[in-house]
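Please read the points below with the structure open beside you. They take up one topic at a time.

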There are 2 protein chains.
Amino acid sequence: MFEEAEKDPTLDDKQFAKLEDALRTDLLVEQYRVLKQGERTLLVVVAGIDGAGKGSTVNLLNEWLDPRHVRTLAFAEPSQHEAERPAMWRYWNAMPAKGHTGIVFGSWYAPMLAEARRENPDTQALKSMAAAIVRFESMLAADGVEVIKLWFHLSREAQQERCARMLADPDTAWRVSEADLQVGREFERLRMAGEAVISATHTTAAPWFIIPSADENWRITATARTVLQAFRYPPKPPVVESLAPMETADRFAGLDYSSKLAKSEYERRFARATARVGRAIRRPAFRERSLVLVFEGDDAAGKGGAIRRLARSMDARQYAIIPIAAPSDEEKARPYLWRFWRHVPARGRVAIFDRSWYGRVLVERVEGFAEAEDWQRGYGEIQDFEAQLVAHGAILLKFWLTITPAEQLKRFRAREKTPFKSFKITDEDWRNRDKAPEYREAASEMLARTNTPQAPWHVIATDDKRYARVCIMEAVAQALEDGMGISDPE
Amino acid sequence: MFEEAEKDPTLDDKQFAKLEDALRTDLLVEQYRVLKQGERTLLVVVAGIDGAGKGSTVNLLNEWLDPRHVRTLAFAEPSQHEAERPAMWRYWNAMPAKGHTGIVFGSWYAPMLAEARRENPDTQALKSMAAAIVRFESMLAADGVEVIKLWFHLSREAQQERCARMLADPDTAWRVSEADLQVGREFERLRMAGEAVISATHTTAAPWFIIPSADENWRITATARTVLQAFRYPPKPPVVESLAPMETADRFAGLDYSSKLAKSEYERRFARATARVGRAIRRPAFRERSLVLVFEGDDAAGKGGAIRRLARSMDARQYAIIPIAAPSDEEKARPYLWRFWRHVPARGRVAIFDRSWYGRVLVERVEGFAEAEDWQRGYGEIQDFEAQLVAHGAILLKFWLTITPAEQLKRFRAREKTPFKSFKITDEDWRNRDKAPEYREAASEMLARTNTPQAPWHVIATDDKRYARVCIMEAVAQALEDGMGISDPE
């Protein structure tokens, strides 16, 4: 795949001069068009042989474009602050808004490239890294972020020569790094690593481009043309195949809404579970974990009360409650999951979501806020997101709280009558109630499709509040103890 | 000031039970009212004697309020990521949106309290810390964030007794910290430190309240009542005195717009200055500093071109360009300066602002987007913000680029004719041009009021682009070299 690039093609200054003006104008025209449109983000991932001129090409690109609307995102070893969250968090966090262009150094390819250039790379690890990257980039592509990936390449001789030339000039010597100088010895391994990574992650949704880099004129021209092409003709987002329809049984039909607890049993069990949660979270082992709780369910099914009681078992300095309402305009300008990623808790912390990323396959589906293909791909994206949380040590529980229509009506009426609660009941709640069958269907499908072993749903009938509270608190206690491999002595 | 609290008043359970229900309801009613209104943030700063029950009171407050709209902000020693920015950055960064309530542990009082409890506190340092805090809190108060500060207090004997009682119970022993246990020996010093800090920072805009804490019932009731009072009757923001009118001479009348540079001199000086900037930023000493550049000025005076050329002298991984446009809704929900604080660069980094916090006293003043009292207090707030940047090591330069009306007209017409630039010229630019005298007056006053020695304005006539570019690049080079106490050898 590198044959052409290793021929080190050149472009003489005269030819370059002829191309330069038109390229610069075209780039600006297209950049402004994309900016004005404000519908997509272009992310340019920069990779390749060390010492091939990546840095200076990016600097030039910034100069040719209007740099005010370009974000150069450079990542090195994760800082402590970054290491406390899943690996992809820092890339999510830095996502430029739609209309803008991002240039990414030290991207999500860094770990895969490091593995691939080892003497005996772990092929299984490479495979799963590639799969994760392809999922990530496909999701971005489907969500308005186009990713193009540039591999700067040149022959071994040209690389050595370029470094020597730069070292000789005091104005460029600082650009030559230790890594650049070591390429000579490791060229073949780097080359093979590049080949492996590119073949495993080249997709129509997020393609790789090889940039012959020995000659500056050629390198610049090829880079500019590639970016221009991406502005003009975004890579095709992956075709989202319609999900096979699922014969989901009504998940709520068989549910026993009549479970009840007597006051004395409730008090005993609830106090015990609360203490177990408190103790588990204070354990030193929890400093390496985190706890993510998701509350979804019928209106007036008691999410707020459940959250308040959970919070009570913890120190306020340790948890954050994240109520999910309409997205802000900063959130709207980014892929759907961004507004949840920004609240992913650090190690040793608790995040309680009052409604969550499941909005995509519930309210957005039912109310028609999301296209069918968008909410349909939501299931997979959600599972992927949750898998990343869990892989990083999060203990994740999802609660679906449900009540009978009769009980809901009773609670709505009670809210209307209590002065300070009346604000909790709006016309929308009544409208949602009218759409109960649609919501029920969406919820049933969601429960079936996202009830993974690592992030199971707890469906809890809450007509009896005591029963519900005990179920929730005991489930959290159990998950914490299981997750940390402890059994509570009490 | 602590006599009452050290009497360790108590409230028996019966009386407490009578009060509790009403207090809880009232708190919820008021919290929802403030939330629904969405016009102000309440920040509750928690301080006081260690082991007085601060933590458990805050937990209870979270339980009485709807915790979904409360953010508990707990700060410890600054992490590296925080230490790389000015001390107040982390408090700005965590600012809850309007409508929400924040509870702050380890607030901006921590350094002052640490100083005050030393054996021989530095009174001069305490004075300036107090002044900085008062300015900060007054600004917040004027900008929709009310700050109340709670000092939890009890007698020495009660504190010792409370710790002993908690240590005896396995369910509360974990709450007792090393600091709590040491209070006995240092009680008198802590008490005096509290007194000093409270007297120096108690203002009508951000008052202190002393919470007698020996008895849990009393402590909870006093806290809840204080918060309730703050919801109901926000502290009075400080009266902003109208600024004495300033006889500002027209700053632009005497300016020489005819300065010109010949091409050869331009090329020589520009290349030299560019190299100086590049070298200065690559020095190890710069890793302890940062560079903040502000570009303001007439439309079409060449801000974009100047920024592009500056960027060219640096590595794209090192700088961020921040174009300031209309605030996002997340920005609108917070004090004015928040949207600039979020972009304050870390050490070793460069931030280039294309328009800036000066919008408050320019466009917002002229267009009537800000009330007179708001833009008038802007001058002081801006100076304070800039002083914090400089105190933390930032090298700060502010450029005002100005052109003659004739030259502006020429550039507007040229923009209209260039296809990809026509998007840069809008009806608004023409309208602004009609308001030139008002803008000129506002700019003159701003230059006069904010031209501080540490953050001087560079007013540059840009009719001749060569002259302007050299002036800017040389000014940046000089400021970097002066700031790091180096002289460029070349």
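1. A residue counts as buried when its relative accessible area is under 20%, and as exposed when that area is over 50%; values in between are called partly exposed. The model discussed here is a predicted one. With that cut-off, the buried residues of α3(B) are B:Lys54, B:Gly55, B:Thr57, B:Val58, B:Asn59, B:Leu60, B:Leu61, B:Asn62, B:Glu63 and B:Trp64. Helix α3 of chain B spans residues 54-64, and because ten of its eleven residues are buried, the helix is largely enclosed by the rest of the structure.

2. One residue of this helix also takes part in a link between chains. The side chain of B:Glu63, which is among the buried residues of α3(B), forms a salt bridge with the side chain of A:Arg312, with N and O 2.6 Å apart. Across the interface of chain A and chain B, six salt bridges are found.

3. How many residues of chain A are in contact with chain B? The count is 45 residues of chain A, and they touch 45 residues of chain B. The size of an interface is often given as the accessible area lost when the parts come together. Between chain A and chain B, the buried area is about 4,300 Å², and carbon and sulfur atoms give 60% of that area.

4. Next, chain A as a whole. Its secondary structure consists of 20 helices and ten strands. The C-alpha atoms of chain A fill a box of roughly 85 × 50 × 40 Å along the principal axes. Chain A has 490 residues, of which 55% count as buried. Among the contacts in chain A with a separation of 6 or more, 82% are between residues 24 or more positions apart.

5. The surface and charges of chain A come next. The accessible surface is about 21,700 Å², and 51% of this surface belongs to carbon and sulfur atoms. Chain A carries 72 positive and 73 negative side chains, and 7 Å lies between the centres of the two sets.

6. Over all chains, the structure holds 78 salt bridges. One of them joins the side chains of A:Glu20 and A:Arg24, at 3.4 Å from N to O. Both residues belong to helix α2 (residues 13-37) of chain A, and because they are four residues apart, about one helical turn separates them. An α-helix has 3.6 residues a turn, so residues three or four places apart point the same way. A:Glu20 is partly exposed at 22% relative accessible area, and A:Arg24 is partly exposed at 26%.

7. A second salt bridge in chain A joins A:Lys435 and A:Glu367, whose closest N and O atoms are 2.7 Å apart. This pair links distant parts of the chain, since the two residues are 68 residues apart. A:Lys435 is in the loop between α18 (427-434) and α19 (436-450), and A:Glu367 is in the loop between α15 (363-366) and α16 (372-391). A:Lys435 is partly exposed, at 29% relative accessibility, and A:Glu367 is partly exposed, at 25%.

8. In chain B, the side chains of B:Arg232 and B:Glu30 form a salt bridge at 3.6 Å, N to O. The pair links helix α11 (residues 216-232), which holds B:Arg232, to helix α2, which holds B:Glu30, across 202 residues of the chain. In chain A, salt bridges that share partners join A:Asp26, A:Glu30, A:Arg33 and A:Arg232 into one network.

9. B:Leu23 is also in helix α2 of chain B, which covers residues 13-37. B:Leu23 is buried, with a relative accessible area of 7%. Apart from neighbours within four places in sequence, its contacts are B:Trp64, B:Thr221, B:Ala224, B:Arg225 and B:Leu228. The C-alpha atoms of B:Leu23 and B:Pro170 are separated by 30 Å, and these residues are 147 residues apart along the chain.

10. B:Ser213 is buried, at 0% relative accessibility. Leaving aside neighbours within four places in sequence, B:Ser213 touches B:Ala52, B:Phe152, B:His153, B:Leu154 and B:Arg219.

Conventions:
Residues numbered from 1 in each chain as written. Chains lettered and ligands numbered in written order. Predicted model: local features only at pLDDT ≥ 70, side-chain atom pairs only at ≥ 80, totals over all residues. Heavy atoms only, no water. Buried < 20%, exposed > 50% of the residue type's maximum accessible area, 1.4 Å probe, protein only. Contact = heavy atoms within 4.5 Å. Salt bridge = Lys/Arg side-chain N within 4 Å of Asp/Glu carboxyl O. Areas by Shrake-Rupley, 256 points an atom, 1.4 Å probe, with all protein chains shown as cover. Lys, Arg positive; Asp, Glu negative; His and termini not counted. Charge placed at Lys NZ, Arg CZ, Asp CG, Glu CD. Buried area = accessible area lost by both parts, 1.4 Å probe.
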